[in-house]
Amino acid sequence: MNDYLEEMFGLRGRVAIVTGGSSGIGKAIATALARAGARVVLVARGAAALEETAAALRAQGHEAAWITADLASRDQVRRAGDEAAAVFGEPDILVNNAAVNLRPPLNDLDEHVWDTTMAVNLDAPHLLSMRFGPGMARRGHGRILHLSSQQAFRAYADSGAYGVAKAGLTALARSQAEAWSPHGVTCNVIVPGVVLTPLNARLAGDPATAAALAARTLTGRNGLAEDFAGTAVFLASSAAAAITGQAVFVDGGFSAH
Ligand SMILES: NC(=O)c1ccc[n+]([C@@H]2O[C@H](COP(=O)([O-])OP(=O)(O)OC[C@H]3O[C@@H](n4cnc5c(N)ncnc54)[C@H](OP(=O)(O)O)[C@@H]3O)[C@@H](O)[C@H]2O)c1
């Protein structure tokens with residue numbers, strides 16, 4: 001990279017925490033941040049996938065570590081925050097990407113589904129942001145990214161609690177931007193379209209629906225995890241210092257018609 005691009009987009013010296021960094025979109029984002037120079041700490045439940053992802057990054061010469069935690073538990077969120085910050089130091093970049101996708105028809109949506117969805121998809125991003133945001137503001141620099149969803153903006157396919165939590169994240173980013181952006185911390189959401197990952201594994205077994213969703217997307221295809229690499233690096237970089245409180249759609253035009 002030439003000096004200009006390094007200054008604009010490079011993340012050397014930055015520390016990033018990526019929840020759900022062991023799979024799908026989070027893995028692609030963690031890899032992109034690492035390749036741009038950041039040291040990354042991955043947080044998820046499953047140790048095997050975490051180690052596999054971190055080992056692949058280390059094999060490419062990047063610095064990567066991982067912490068196991070079930071982000072449905074507030075105690076584990078707090079522990080994960082402290083342990084993640086202990087690895088490479090307090091983070092400059094927080095990516096709240098981990099989520100559960102429990103979408104029964106609304107009439108069957110019990111309190112367990114509601115509570116788990118809110119805990120993992122909304123409470124954990126808030127609690128981790130509260131753990132790191134004020135420190136970022138004190139240091140005068142920070143980047144917080146949340147992964148939202150089309151269902152934050154429109155209801156379809158049993159949006160249920162999932163859509164509510166994702167809508168909460170878009171508002172959370174704005175509240176955080178109000179509080180912390182005067183101190184150099186930008187807070188945004190990234191809005192995917194349909195991306196075939198383990199999260200929506202049922203689509204892999206339903207090629208007709210997957211094809212219909214691809215046809216409904218202006219680019220003519222469903223999303224790939226790698227589609228999020230550039231946006232994540234950009235929003236985490238110096239170049240995006242004036243982008244805050246925004247929802248950035250990386251959806252192939254899914255929402256544009
Ligand atoms: N794929 C899509 O079409 C799509 C569309 C819109 C939005 N999104 C959003 O994009 C983000 C990433 O989704 P993805 O499709 O990449 O999902 P994915 O491949 O299923 O990955 C989810 C990640 O989150 C972790 N995770 C799940 N529950 C957790 C918990 N309770 N505690 C800690 N970690 C947990 C998983 O690891 P463990 O299972 O090991 O914990 C995994 O690393 C999510 O916020 C999702 O809502 C995805």
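This talk covers the aromatic pairs, the ligand site and the salt bridges of one predicted model.

Good morning. In this predicted model, local features need pLDDT of at least 70 and side-chain atom pairs count only at pLDDT 80 or more, while totals for chains, interfaces and linings use all residues. Residues are numbered from 1 along each chain as its sequence is written, and side-chain values use heavy atoms, with hydrogens and water left out.

I begin with the aromatic rings. How many aromatic pairs does the structure hold? There are 3 aromatic pairs. Rings of Phe, Tyr and Trp (for Trp, its six-membered ring) pair if their centres lie within 6.5 Å; planes under 30 degrees apart count as stacked, over 60 as edge-to-face, and the rest as tilted.

One of these pairs joins F9 and F234; the pair is tilted, with 6.4 Å from centre to centre and 55 degrees between the planes. F9 belongs to helix α1 (residues 3–9) and F234 to helix α9 (residues 229–236), so this pair ties together parts that are 225 residues apart in sequence. When I name helices (H or I, at least four residues) and strands (E, at least two), these are DSSP runs, numbered from the N terminus.

Another tilted pair is formed by F153 and F249, with 5.1 Å between the centres and 50 degrees between the planes. F153 lies in the loop between β5 (142–147) and α6 (160–180), whereas F249 lies in strand β7 (residues 247–250), so the pair ties together parts that are 96 residues apart in sequence. F153 is partly exposed at 37% relative accessibility, and F249 is partly exposed at 33%.

The charged end of R103 sits over the ring of Y162, 5.7 Å from the ring centre. Likewise, the charged end of R216 sits over the ring of F254, at 4.4 Å from the centre. The rule asks for NZ of Lys or CZ of Arg within 6 Å of the ring centre and within 35 degrees of the ring normal.

Y162 leads us to the ligand. Which residues are closest to the ligand? Of the 28 residues that surround the ligand, the closest are S23, I25, N97, Y162 and T197. A residue is counted here if one of its heavy atoms lies within 4 Å of the molecule.

Let us turn to polar contacts, which are pairs of N or O atoms within 3.5 Å; within protein, one atom must be able to donate a hydrogen and the other to accept it, and residues adjacent in sequence count only if both atoms are side-chain atoms. An N or O atom in the side chain of K166 is 2.8 Å from an oxygen atom of the ligand. From V195, a backbone N or O atom lies 2.8 Å from an oxygen atom of the ligand. A69 also contributes a backbone N or O atom, 3.5 Å from a nitrogen atom of the ligand. The ligand exposes 890 Å² when taken alone, and the protein buries 91% of that. These accessible areas come from the Shrake-Rupley method with a 1.4 Å probe; for residues, only the protein chains shown count as cover.

My last topic is the salt bridges. A salt bridge is a side-chain nitrogen of Lys or Arg within 4 Å of a carboxyl oxygen of Asp or Glu, and by this rule the count comes to 8.

Among them is the bridge between E6 and R12, whose closest N and O atoms are 3.6 Å apart. E6 is partly exposed at 21%, while R12 is exposed at 65%.

E83 bridges to R79, with the closest N and O atoms 3.3 Å apart. Both residues lie in helix α4 (residues 74–88), 4 residues apart, about one turn of the helix.

D82 forms a salt bridge with R131, the closest N and O atoms being 2.8 Å apart. D82 lies in helix α4 and R131 in helix α5 (residues 111–139), so the pair ties together parts that are 49 residues apart in sequence. D82 is partly exposed at 46%, and R131 is partly exposed at 29%. Finally, D82, E90 and R131 are linked in a network of salt bridges.

Key
Buried means under 20% relative accessible area, exposed over 50%, partly exposed in between (1.4 Å probe, protein chains only).
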